[in-house]
2 protein chains.
Amino acid sequence: MRTAFTDLMGIEHPLVGFNRSPAVVAEVTNAGGLGVLAATAYTPEQLDAQLTWIEEQTDGRPHGVDLLVPEKVAIGDAGDLVASLRAQIPDVHLEFVERLMAKYEIPAIPAEATPLVNDEIAAALNPEGAQALIDVALGHPIALIANALGTPPASLVDNAHERGVIVAALVGRAKHARRQVEAGVDVLIAQGTEAGGHTGTIATTVLTPEVISVAQGRPVLTAGGVASGQQMAAGLALGAAGVWCGSVWLNSIEDITPDAIKRKFLSARSSDTLRSPLRTGKPARQLRSAYHDEWEADGLPALPMPLQPMLVNEAFGRIDAAAAEGHAGALALETFFIGQVVGAFARLRPTKEIVESMVSDCDERLRELAAQLR
Amino acid sequence: MRTAFTDLMGIEHPLVGFNRSPAVVAEVTNAGGLGVLAATAYTPEQLDAQLTWIEEQTDGRPHGVDLLVPEKVAIGDAGDLVASLRAQIPDVHLEFVERLMAKYEIPAIPAEATPLVNDEIAAALNPEGAQALIDVALGHPIALIANALGTPPASLVDNAHERGVIVAALVGRAKHARRQVEAGVDVLIAQGTEAGGHTGTIATTVLTPEVISVAQGRPVLTAGGVASGQQMAAGLALGAAGVWCGSVWLNSIEDITPDAIKRKFLSARSSDTLRSPLRTGKPARQLRSAYHDEWEADGLPALPMPLQPMLVNEAFGRIDAAAAEGHAGALALETFFIGQVVGAFARLRPTKEIVESMVSDCDERLRELAAQLR
């Protein structure tokens, strides 16, 4: 399938695979799609290493990087960013998390484990922190850089364009798309409410043509509700020049999400997700768990970024560790970002097989429909 | 476009037009689609007259009827159904409506006006009331009878099948689709969360393949987010044998919805709808208005069917009458069922033109995509 997006990127299939696992990114790219690495999961040093590894695997084939630069964040003290942000988390929030950990009997983990790195990553959710990741990304031969929240800083657009890097942005409303066009973005990604992660309330079927109508000829990708070839064909039928898939890779063998979460996904239905600010402070679709039930029952408001992720990161570090050991309370609380397509997950599959079956099923469905035309 | 559904119904285009306006139903059928009349808007006598009129316009072409038989309702006294149900509405609810009418200065209307008929219609939202409508519908030469809430009574399926009438059902979850298959329904309609009216939380892109997977070969239509040829093509790409459209006709000249509401729709964005039990007691997507803001601020729970529609029907009768005169308070409160596609409404169009442009745009998009295949 040839589209304006495949021509722009020099790729074979109009399919983007967005994921934090370097192996998923490399496999999508090697299968003829465009793999895009979620940089926000990493420190600048880690991102540098991951991109180097992906380059070694993909032999010059195009791949990209996705950032998250929120427009409004809590401001910390540059001197000791993590500590100064931590100090802004209200006691009632910390007490809620402690009560929850006690109620579900989640063991503590050593202070030197991942939560500290997670805190550092969360604290970097600000324009300056994002700049460090942008600098690393643009130092590598990437083909595309995407921003998942808000309009990118002008310097990002300029620096990317100087290096011949395509700039993309995820949007959940037509008015956000208009702002991205003004900011000089090259590719818009219309992310429907059914998508995993940060997402709005408008469904893919309605949002995609709305974004196309304000894109002034730029390629628009559709995101949300795309995990099969038929859903890919539907995205293209809506007028999209390609599909941006995130959730489907959490059903891949290569994805680095803890096994306990991947197993929960395999038994989940499409109605088991919700949009909640629980993990990041902004509404993001994720698997509903006992954590959400307890949080909603308590009624505490979510904190702004990055305080909310800092609040819950240590807890989820403990939950991940206990869930890996089969701890019942941890398994009840465990959750991660996922779209409504989770209901279709049946067994873990190789990333390459997911790409190949999506592409061939998409082509087949479009051929069938063409044959049904009178 | 030929599909299993066009073959089953003997129609030219895989497009159903669901509406309470007899002229919309006749126009959709005459344009080669399948017009389906919302019977729940009428008393049995009115439905009889409307179906007779549609038959006169459509010259034997297939059309259908849609009912709403909720599975759980408040039970009234058969002797004086309206009065006995009215008596079950709590005073706090009646007082809220009175305060609202006073705050927005909505004039009262004469007791002999439409609200009494509306009360009768609402009171008939029970298996017995539905049976009277079913009897009228099956006494006419209809091609399809659909049920919008819950599984149809066995007698409906049997009586319809004896007369060669296809039975369809709207579903918002795969498990509801399974129950409909067990009840003997012939056609399933997967209604996504973006749809107007009673709808669930799963988006069309995700719900449609889920319903197909449990339909055991029955044709599945997709509903929600379909108001253009590209969206129709997307529904077919998802595997649907046709599309069921409701909201788009509220953008037609023939639709009988009050002009004040149709004008509000023309200026609405896709983000201006919400799922709310305000009008019927069950979550239904509608245009957000000051009525929802006041209702949510007050925090009163919704009443079960048919008490909630009886509670609000008189108020909306008053609002409709005042809004028709340009009353500012009434225009602020005014609302009606509509899907997220409302954001695409630009000007009122003839129903025939809507059908024809959807069908030709759908065909064109599918031809374009087939040409892009490598």
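Chain B and chain A bury about 3,500 Å² between them, and carbon and sulfur atoms give 57% of that area. Buried area here is the accessible area (1.4 Å probe) that two parts lose on being put together, summed over both. The model is predicted: local features need pLDDT of at least 70, side-chain atom pairs count only at pLDDT 80 or more, and totals for chains, interfaces and linings use all residues. Residues are numbered from 1 along each chain as its sequence is written, chains are lettered from A in the order in which they are written, and side-chain values use heavy atoms, with hydrogens and water left out.

**The interface**

- In chain B, the residues that lose the most area to chain A are B:A237, B:L373 and B:R374, together 19% of what that side buries.
- The contact (heavy atoms within 4.5 Å) takes 42 residues from chain A and 42 residues from chain B.
- There are zero salt bridges between the two chains; such a bridge would need a side-chain nitrogen of Lys or Arg within 4 Å of a carboxyl oxygen of Asp or Glu.
- The rule finds 20 residue pairs in polar contact across the interface, with both residues at pLDDT 80 or more.
- A polar contact is a pair of N or O atoms within 3.5 Å; within protein, one must be able to donate a hydrogen and the other to accept it, and residues adjacent in sequence count only if both atoms are side-chain atoms.

**The chain B side**

- α10 (204–214), α11 (229–237) and α16 (351–372) of chain B are the elements that give two or more residues to the side touching chain A.
- Helices (H or I, at least four residues) and strands (E, at least two) are DSSP runs, numbered from the N terminus.
- α16(B) gives the most to this side, with seven residues.
- By class, this side has 17 nonpolar, 15 polar and 10 charged residues.
- Ala, Val, Leu, Ile, Met, Phe, Trp, Tyr, Cys and Pro count as nonpolar, Asp, Glu, Lys and Arg as charged, and the others, Gly among them, as polar.

**Backbone features**

- Most residues other than glycine have a negative phi, and most peptide bonds are trans.
- The bond from A:M305 to A:P306 is cis, with omega near -5°, and A:P306 is in the loop between α13 (290–298) and α14 (307–324) of chain A.
- In chain B, the bond from B:M305 to B:P306 is cis, with omega near -5°.
- A:E105 has a positive phi near 55° and is exposed, with a relative accessible area of 61%.
- Exposed means over 50% relative accessible area, buried under 20%, and partly exposed in between (1.4 Å probe, protein chains only).
- B:D59 has a positive phi of about 55° and lies in the loop between α3 (44–58) and β3 (63–67) of chain B.
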